[in-house]
Amino acid sequence: MINFTINDLEVSGEDGWTILEVAREHAIDIPTLCHHGAVEPSGACRLCMVEVSDGRRSREVASCVYPIREGIKVATDTDRIKNLRRWVLQKLVDEHPGSERLLALAKTYGVTPSRFKSSDYENFCILCGLCVRACDEVAGVGSLSFGNRGVNKEVTTSYHEPSPECIGCGICLYVCPTEAMARFYAQVRVGGIFASGAGESAALRSRP
Amino acid sequence: MKDDAKLGIFLCACGEKIGGRLNLAELKEQLGRYPDVSHCSIHSYLCQGPGLAALTREAQDRGLNRVLLGACSDRIMKKKFAAALKPLDITAPQIDLINLKDHIAAVHEDGAPALTRKAAALLMGGVGSLGMLEPYAPRLADFQGPVLILGGGISGFAAARELAHNGMESLIFSSARNPGDVLKELHRTYPGSRTYFKDLEAMLAEVFASSLVKMAPDRPVEFVVGQVGNYRVGLQNSHGASEMTGSAIILALDREYAAGESWTMGGGGRVIDQLDLDERLAGKRMNPGSVVFWVNHQGQDRLAQELSAAAAWRSSQVLVQEFPGVRPTVLYPADVKLPVTGADLVAAKQRGIGLYPYNPDIHPVVKSGYLHYVNPYDHLEYEIGWDTLVVSAIPGQPGAKTQELMSVLPIFSRNDGSFKKGPIALKPDRKPVKSLILTGSALKLCDLGEALQQGKNAAREVLHLRDKARKGDLASPLVLVTVDQDLCDGCGLCNEICICGGVENVLPGRGATPRNESPYTCDGGGSCAAACPYEAMKLLNNSAHQLEARIRAILSRMQDNEILAFVCRWGGQSAAELAAIQGLSYSSRVYLVTVNCLGSIDPTILSMAFLNGASGILLAGCPPTAPCHCGYGVDHTWHRVDLMKKLLAMCGLERKRIALGYVDVNQPEAFVRMTDAFLDHLNDMGPLVRSEDQKKKLLAAHATMHRPRVRSVLGVSLRRPSEKEFPGDQYNAVDFDESMQDVLREEYLAARIIGALSGGPLNPPEIAQALGERSAKVSPVLNELLRDNRLIRQRWEDGYPLYALAKSG
């Protein structure tokens, strides 16, 4: 049993749990975007940052991937963390000003798009990688992956073509925290598992 | 509830997402009161570390073997819970998730009491379903014996070599006895491949010399039966039939080429096709001079033209090497991509091979000694001199061997003449299990290199299966169809409509033969089980009994103006859950019941639901434009719903009380509109009034659904995988439908008569009066029932016979 505190509340957990997991168990709110219970956490969105102090120094960590340790003091609502959270959200909404879901989330933390916002209202993907992880870990298919690097990084399929591996389960749609996958989905799926058999699809389409 | 079942319910609050909308404490108290429920608890986040730990701890402490979770989507989360509970020997079928978040909390605007009531109904449905579960443990395959390589295609030899390299035995069914035999005939299936012959000869020599490769006589195949790891192939023999057994089957089928159009041009041996050329090359008989290859597949598709151009290019290389006096030129359509590199082109020029494109829109003209064509770049007419003109060979129909195998194996031809095979098995969590592998150009037109690669890949798939079997991992899927051999009449309907290969081929032409299931290829779609006229088939771990128990439990807690909505995992459920994610809302009067495929819903489930309190049933499946994941499940459901509509009409009810809808994964708005529209229909009709008379009629309708005769007639209309058209398009559709209605009317009346007689013996006028029908209509059915021994004529009274139920019926 590992004992530590979150916002001065005495809590405990088992080896391997993360700060986020324990905080949620005690109804302490930490916002997340790239976290989903079905897949392994990746710490991509940096929205779940908390302040961890081990007595000597304190620093900000991503609570969804940070394993709990004996005696640490976790704070989720210091000014530093609130500021950090606002900045993360500010950058997200500035880069993706078209996403209603992101805007709604940001608004609950008092963040609105600044005057430096992107002019690309069609860019919804925050590259959190949830769809990529879910396609791999939950569906066991792996038809989605990250392509390119740096500012050109994107979620895509092999050769940027509809993926014959895609089984059309729609798990990527379910986990996507923005509107991105709903728009991209048509470019992923060919037509279910019959993709390779043109005869079958044609047969079904001949239905009255 | 099965005696040994011990069920626990775990409710997830999901922070405030569920806990904030539903009264979970009240729900816990309600559910905990049922004797079937051994444990009920509330957790803030079940899917997170602390929640999972609590779940496994409780399950272990209380010795649970059924776990019902009131949480979120089973599509997404079941895998994680199953992994957590695996050490306790609780497998996925023993776990059920009721999606309180996306099916209730996030999509309805009602207050906590209404939502809690609905949650209790859906959860009790889960209790009912898990209670009826008879857990079955997946079986392991026995993977023994050689790989049977049928069809005689060249890819089979490549497969045999790959198998031999990995220490696996194979048996090739071919008439060839040495590499020369194979190469002699190869130009019929892969014309213009002589450049490969040297390598190929070495490969074939290795195959023929290998001790792991046996050759079997190439006799007509009579039957292929069996399942993964254990196949039997029956061969016709001069002295009766012989049988070969093996672990897997590779079908190496090649398309044969037919003569080109050279005969229409005349020229007396100076105009030949690629096949003739290959024969001349083999016999070393080439006249010197200019040889022009004209790639002339005007009517053929692009792929055939490309292959023909490649054959011409390779043949010209052989020509310059072996016949010094010959000057080859290839004239190819400009829209075809030649398989040559820049370096090849330079080499070709050095060796004197001409490569010219022609404008395919303007047909070249053949004259004696000259071929006229239009250059696509400068648009000028050119002429090219020839001493021998070679035109393309034409890919023909699959050979006789293919036709023969088609009759015994689930292989179907597509519109374009290529082939597909029946078995498909692909699901989340499950890699395809294929032990019947099709290779070669019959599958899709290809060149020799690709065919050999396909053979190699096929061998690797078999080796993958073998390795899996050795590790003890080659297990049947969790949901599997099974046939009760005592009930099975051997009608073969399941085998006809099975698309995954899960219903095994049995020996044809031997009368009624009970079917076997192939546990390793079954995809659990379940339309075969729902179609079985004798109800001899069951989906293990997902049986109709479980679904029935679930529906009964839910219906008993539903109100009159509420509807039951069956949603398929791939269409309706996904869309409904997406509606929740996107913040849409719909009426809480819709109770979602998730099924793997709508096709797995037995028609008796529909009639049972109406009998037990449903006022309206909505079925939301995948749209026909985005093909059904389980074959033709939606198509089959269409016919079952149609049958239910007919029965509703016979009961004097509105046909509109049941409706089939189509919704794709990413169409949450469509799902919401669908439920709204159906609720409007129900509002117009009002709840189903359950008078005593109406109940009797519904009971008769339910009994009618169970009749093998009705189910057989229904089975006729279900689409077979080999059928290209929707069977509703049959030219005698109306006649068929009327015959079906006649059968239905008769059986429905028979069911009502039996219902009337359940109260005690009656005479014909009394029966007619009880049913409100004319005596003239009743008496033929009475005679029918008497003949089938479902009724007995007890005695005569007042000049009338007195009928009673036969003891067995």
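This tour moves through chain A and then chain B, selection by selection.

The model is predicted: local features need pLDDT of at least 70, side-chain atom pairs count only at pLDDT 80 or more, and totals for chains, interfaces and linings use all residues. Residues are numbered from 1 along each chain as its sequence is written, while chains are lettered from A and ligands numbered from 1 in the order in which they are written.

**Chain A as a whole**

Select chain A. Its C-alpha atoms fill a box of roughly 70 × 45 × 35 Å along the principal axes. Colour by secondary structure to see seven helices and seven strands; helices (H or I, at least four residues) and strands (E, at least two) are DSSP runs, numbered from the N terminus. Their order along the sequence is β-β-α-β-β-β-α-α-α-β-β-α-α-α.

Of the 208 residues in chain A, 41% are buried. A residue is buried if 20 or more other C-beta atoms lie within 10 Å of its own, exposed if 12 or fewer, and partly exposed in between, with C-beta atoms placed from the backbone. Among contacts in chain A with a separation of 6 or more, 56% are between residues 24 or more positions apart; two residues are in contact if their C-beta atoms, placed from the backbone, lie within 7 Å.

Next, select residues 2–6 and 9–13 of chain A, which are strands β1 and β2. The two run antiparallel and are joined by five bridges; strands pair if DSSP finds at least two bridges between them. One bridge to pick out links A:Thr5 with A:Glu10 in β2(A). Two residues separate the strands of this hairpin, where A:Asn7 has a positive phi near 50°.

**A:Ala27**

Move on to the loop between α1 (19–25) and β3 (49–53) of chain A, and select A:Ala27. Phi of this non-glycine residue is positive, near 55°. A:Ala27 is exposed, because 12 other C-beta atoms lie within 10 Å.

**Chain B by domain**

Switch to chain B and colour domain 1 (1–135), domain 2 (147–256 + 397–471), domain 3 (261–392), domain 4 (547–708) and domain 5 (759–805). These bounds come from an automatic or database domain assignment. Between the C-alpha centres of domain 3 and domain 4 of chain B, the distance is 63 Å.

**B:Asn789**

Last, select B:Asn789, in the loop between α25 (775–787) and β31 (791–797) of chain B. Phi of B:Asn789, a residue other than glycine, is positive and near 60°. B:Asn789 counts as exposed because it has 11 C-beta neighbours inside 10 Å.
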